[in-house]
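Please consult the sequence and structure shown here while reading.

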Amino acid sequence: MSSQPQKPGRGYIPISTQYNEESSAESPLSANTPLRADTYHVTPHDGTLIIHKDGHSYTYSYGPKGIPGLFHNSFALACAVFASLGGLTFGYDQGVIANVLVMPDFLQRWPITPLQKGLMTAMLELGALLGALTAGTFADRISRRQSIIIACFVFCLGSSMQFGAQKLWHLILGRAVGGLGVGALSMLSPLYMAEISPPEVRGSLMALEQFAIVLGAVLGFWTGFFSRSLPGSASWRTPLGIQIIPGIFLAFGSIFLPPSPRLLVAQGRYDEARNSLARLRRRNPSEAESDPLVQIELLEMRSEVLLMERAFGTTVKESGIRAEIRTWGRLFSKKYRDRTFIGVLMMFFQQWSGINALLYYGPTLVQSIGLQGDKVTLMVSGGIGIVQFFAVLPAILYIDRLGRKPLLRWGSAVMCFAHLAIAVLVRLYEDDWSAHVGAAWTAVGCVYLFTAAYGTSYGPIGWILPSEVFPISVRSKGVSLSTASNWFNNFLIGLVTPLMMEQSASVTFITFSTACFLGYFWSTYRVPETGNVPLEEIDAVFSSSVGAEDSELKDQIEREIGLHDLIADIGAESSLDEHE
Ligand SMILES: O[C@H]1[C@H](O)[C@@H](O)[C@H](O)[C@@H](O)[C@H]1O
């Protein structure tokens, strides 16, 4: 067992640790001797703390995960739920637009060609691509929260233009502007959520982003579905106008969200960081001064910032065009390249799993597998949203227990199989579905099977992993780039799916099946497990992690800023408490 001395992270102190029952000896955390004399280390893959003392090893894990963990961290949960409204705006648009583009009043006013129809979807995606790419800079320069507020205003402006459109170009422009806001929010919400979450429930809290996206999609789809029967332009203006409500709500509510303590530390604003963290961990400011939990977490953040500054000369405080270019460049440096690829490929595989092909072209696809009738097709693509909605629930509850990697692996295997089965059925029966109704329904069943697997794996983890893998100095840019990869690939799928479908539906499914197959190997051999690892310790799970020299520097920094002493004192204090 390696005994590289490392500090324990948040949640390792007595109140939130679990004493290893198997060991007969007394826990060193409650022993009389302070921890100073002990050797301890954190295993990088699950964040477990192991303390060696007097010939015994003691294992500690984090505080509760899943539902008890969410209760335990109720304020962070409330903030994450609120921030996830950013995802709701994105999902809602997806759900709504499919219906709007087929509404009679809409088509009478603007008898759009298939190309213009495509443009309508593409405008939002291109706007979003730009929004995601630029939002990272704002997030560092201004703050995560204020950037969310600005993004909301841009989104509301775009939505109002769509709502009040008198000419087709108003609508197209409105979608581009709205897209800017949607894209910015799609990177800002996960970034903020990652930075306020305690490690033991970070996966659950971040999976809320996917929950909000699919909830939005379901709401958007069904609002559009039912508003079809409203008279005149109300049929499409109503669902387009409704989206302004969550935008306004998020903008005003964000004023009250606690700022990201990690960004504040990176900006050198320690007191504000402590106050914010205290709120997030439900401590009042005076408790926070002495609360070991808050202190350790803050010092870990400080140590990461100092390490980045001293070892690599990187900081979020740099400004100006040159610094901007330098930070973007750093994402491709030897040190961070593998993380950048994880983020970008995560979104690549998420999109090439084919989820949006099913959503955008759901009706066409379902027709190609033998079902007919407007209502049936709408119900089926609406159904995909509902399956995604239910599939994300187990992910929220269990992702921190199961880890990201196993979910990705299982997800890709099942998705690969489902696509393959559809491809075979389509190939065999596409010329005569009516004589093979059973086969048609089996294919539809496979669409749902695919969606359920996607909804528990690549769907939520796509929004989790990219925000976890980067250190603070390049996190916002890294998340920007990964999110841009989501929008770019989303756009690409929209472009090529109709072409592929025209050639052959079965080849289309084979293509997605192949992507899932590759995703299986990628998640098995390339993706590190980030579950339960504090953001400041993520470095250790990468092969390009800080080397021996940097570890020494890290150790030195930790001593300098008092992290080691603090832990020693906690050991001493907790033993006093125990014996009082
Ligand atoms: O995670 C989301 C979600 O699964 C959506 O349904 C999909 O349309 C998005 O592209 C994806 O990023």
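## Contact between domain 2 and domain 3

In this predicted model, 20 residues of domain 2 are in contact with 22 residues of domain 3. On the domain 2 side, at least two residues each are supplied by α2 (74-83), α5 (114-141), α7, α15 (321-330) and α23 (472-503). Helix α23 provides the largest share of that side, with four residues. Sorted by class, the side of domain 2 that touches domain 3 comprises nine nonpolar, four polar and seven charged residues.

The domain assignment places residues 1-63 in domain 1, residues 67-259 + 329-525 in domain 2 and residues 261-328 in domain 3. Between the C-alpha centres of domain 2 and domain 3 the distance is 31 Å.

## Surroundings of the ligand

The ligand has 14 residues around it, of which Ile213, Ile355, Asn356, Gly459 and Asn490 come nearest. By class, this shell contains five nonpolar and nine polar residues, and no charged ones.

Four helices, α8, α17 (355-360), α22 (458-469) and α23, each contribute at least two residues to the shell. The largest share, four residues, comes from α8.

## Packing of α8 against α7

Helix α7 (residues 168-196) and helix α8 (residues 202-227) have axes that come within 9 Å and cross at roughly 165 degrees. Angles over 145 degrees count as roughly antiparallel, and α7 and α8 are therefore roughly antiparallel to each other. Their crossing is right-handed.

From α7, the contact involves Ser189, Pro190, Met193 and Ala194, while α8 brings Arg202, Leu205, Met206 and Glu209. The residues of this contact of α7 with α8 divide into five nonpolar, one polar and two charged.

## Packing of α8 against α9

Helix α8 also packs with helix α9 (residues 234-242), at an angle of about 155 degrees and with the axes 8 Å apart. Helices α8 and α9 are therefore roughly antiparallel to each other, and α8 passes α9 in a right-handed crossing.

Here Gly220, Thr223, Gly224 and Ser227 of α8 meet Ser235, Thr238, Pro239 and Ile242 of α9. The contact of α8 with α9 consists of two nonpolar and six polar residues, with no charged ones. By contrast, the contact of α7 with α8 includes two charged residues.

Key. Residues are numbered from 1 along each chain as its sequence is written. This is a predicted model: local features need pLDDT of at least 70, side-chain atom pairs count only at pLDDT 80 or more; totals for chains, interfaces and linings use all residues. Axes are lines fitted to C-alpha atoms, for helices over the stretch in contact, and angles run from 0 to 180 degrees between N-to-C directions. Angles under 35 degrees count as roughly parallel, over 145 as roughly antiparallel, 65 to 115 as roughly perpendicular and the rest as oblique. A crossing is left-handed if the near helix is turned anticlockwise from the far one by less than a right angle, and right-handed if clockwise. Two residues are in contact if their C-beta atoms, placed from the backbone, lie within 7 Å. Ala, Val, Leu, Ile, Met, Phe, Trp, Tyr, Cys and Pro count as nonpolar, Asp, Glu, Lys and Arg as charged, and the others, Gly among them, as polar. Domain bounds come from an automatic or database domain assignment. A residue is near a molecule or strand if its C-beta atom, placed from the backbone, lies within 6 Å of it.
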